Amino acid sequence: LKILENKVAIITGAASGIGKATALRLANSGAAIGLIDLKEEKAESVKAEIVKRGGKALIVDVDLKDPERVKQGIDKVVQEFGRLDIVFANAGINGVVTTIEDFSPEDWDTTLETNLKSTFLTVKYSIPHLKDNGGSIIITSSVNGNRKFSGTGMSAYSSSKAAQMAFGKMAALELSTYKIRVNIICPGAINTNIGENTHPNKSKLKKVQIPVEYPQGSHPLEDKPGNPEQVASLVHFLASDESNHISGSEIYVDGAETLL
Ligand code: NAD
């Protein structure tokens with residue numbers, strides 16, 4: 001039996017990394033997937049892979065900073081597949097990495113809007129579709145916004161990730177009325193394309209003498225970063241009824257990295 005048969009999921013940032021691995025994983029278990037991303041071409045290859053395996057997927061090309069487009073995108077997925085059960089608010093960028101002194105207000109806004117406001121918008125516009133039948137929302141935060149705070153120059157990123165955690169907990173409390181569960185996942189360093197969206201200002205950072213390298217180092221289990229499939233396994237569990245007594249939790253998937 002496919003445990004997500006007849007379920008419909010929306011995944012943001014589905015064209016790459018953690019979102020892509022999760023799209024394939026949930027589709028393997030029978031869910032139809034709304035693939036939301038800016039990068040339509042990359043999303044096409046994810047859709048092709050799902051269809052090749054006998055699954056269903058729809059691409060929605062949306063900049064998640066734009067409220068109207070987010071609403072339209074989510075509505076389009078529900079129109080196509082008839083319902084909504086699982087929402088993975090995952091898209092994000094590292095953005096500009098530099099000292100607070102050097103951070104421009106515009107760059108700060110871009111990181112906060114892409115990571116935090118997009119999460120608010122994705123959850124907000126999903127609620128009307130989840131209200132009647134309940135559902136599961138999963139938000140991707142990071143060890144960087146909570147336990148670790150280790151990336152010098154990442155004040156905007158870490159602030160957005162910490163705020164996603166707070167938002168997720170408030171949502172869990174508020175949405176329990178509708179039997180909607182909300183959980184927050186905190187990956188450690190994972191091997192993805194997030195470096196493509198990273199703009200480090202190394203000359204400024206040298207002054208504080210902590211090197212910035214992506215992907216970041218090792219964890220006690222292995223001398224290399226984790227992989228997106230290891231995160232997708234956790235999302236799969238949280239999306240399914242196997243976790244139906246878990247809500248408002250923050251769950252780390254970091255190979256004990258934060259204990260180092
Ligand atoms: P990734 O760059 O491989 O994938 C992110 C996807 O989000 C990309 O396809 C990108 O096009 C999309 N995206 C970015 N901005 C968007 C926007 N405005 N509108 C629509 N789509 C947008 O990176 P990833 O590592 O898979 O990141 C996924 C999430 O995991 C992020 O929230 C990130 O902060 C978090 N995370 C990553 C790591 C890591 O080490 N890779 C660690 C902790 C947390």
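This is a predicted model: local features need pLDDT of at least 70, side-chain atom pairs count only at pLDDT 80 or more; totals for chains, interfaces and linings use all residues.
Colleague: Why is Ile137 called buried?

Modeller: Ile137 has 27 other C-beta atoms within 10 Å. A residue counts as buried if 20 or more lie within that distance, so Ile137 is buried. Its place is in strand E6.

Colleague: Which residues does Ile137 touch, leaving out those up to four places away in sequence?

Modeller: Ile137 touches Val87, Ala89, Val123, Ala171, Ile180, Arg181 and Val182. Lys202, by contrast, is 36 Å from Ile137, C-alpha to C-alpha, and 65 residues from it in sequence.

Colleague: What makes Ser142 count as buried?

Modeller: Ser142 has 29 C-beta neighbours inside 10 Å. The limit is 20 or more, so Ser142 counts as buried. Ser142 is found in the loop between E6 and helix H5 (155–175). Leaving aside neighbours within four places in sequence, Ser142 is in contact with Lys161, Cys186 and Pro187. The C-alpha atoms of Ser142 and Asp254 are separated by 9.3 Å, and the two residues are 112 residues apart along the chain.

Colleague: Why is Lys179 described as partly exposed?

Modeller: Lys179 has 14 other C-beta atoms within 10 Å. Exposed residues have 12 or fewer and buried ones 20 or more. The value 14 falls in between, so Lys179 is partly exposed. Lys179 sits in the loop between H5 and E7. Its phi is positive, about 60°, although Lys179 is not a glycine.

Colleague: How do you know that Ala256 is exposed?

Modeller: Ala256 has 11 other C-beta atoms within 10 Å. Exposed means 12 or fewer, so Ala256 is exposed. Ala256 lies in the segment after E9. Its phi is near 70°, a positive value in a residue other than glycine.

Colleague: What makes E3 and E9 edge strands?

Modeller: The sheet is open and has seven strands in the order E3-E2-E1-E4-E6-E7-E9, with parallel pairing. Strand E3 (57–61) and strand E9 (250–253) are its edge strands, and each pairs on one side only. Neighbouring strands of this sheet are turned by 20° against each other on average, direction ignored.

Colleague: How do you know that strand E2 and E3 pair?

Modeller: Two strands pair if there are at least two bridges between them. Strand E2 (residues 32–37) and E3 have five bridges, in the parallel sense, so they pair. In E3, Ala57 is the bridge partner of Ile33.

Colleague: Which strands does helix H4 touch?

Modeller: Helix H4 (residues 105–130) packs on the sheet and touches strand E1 (8–12), strand E4 (86–89), strand E6 (135–140) and strand E7 (180–187). The direction of H4 makes about 175° with that of E4.

Colleague: Which residues have the most contacts inside the largest nonpolar core?

Modeller: They are Ala9, Ala23, Ile33 and Leu35, in a core of 62 residues. Not counting residues up to four places away in sequence, Ile33 touches Ala9, Ile11, Ala23, Leu26, Ala27, Ile50 and Ala57. Another core, of five residues, lies apart from the largest one, and includes Val96, Met154, Ala156 and Tyr157.

Colleague: What surrounds the ligand?

Modeller: There are 28 residues around the ligand, and the closest are Gly13, Ser16, Gly17, Gly92 and Thr192. By class, the shell has 12 nonpolar, 12 polar and four charged residues. Helix H1 (residues 17–28) supplies the largest share, three residues.

Terms used. Residues are numbered from 1 along each chain as its sequence is written. A residue is near a molecule or strand if its C-beta atom, placed from the backbone, lies within 6 Å of it. Helices (H or I, at least four residues) and strands (E, at least two) are DSSP runs, numbered from the N terminus. Ala, Val, Leu, Ile, Met, Phe, Trp, Tyr, Cys and Pro count as nonpolar, Asp, Glu, Lys and Arg as charged, and the others, Gly among them, as polar. Axes are lines fitted to C-alpha atoms, for helices over the stretch in contact, and angles run from 0 to 180 degrees between N-to-C directions. Two residues are in contact if their C-beta atoms, placed from the backbone, lie within 7 Å. A nonpolar core is a set of buried Ala, Val, Leu, Ile, Met, Phe, Trp, Tyr and Cys residues joined through C-beta atoms within 7 Å.
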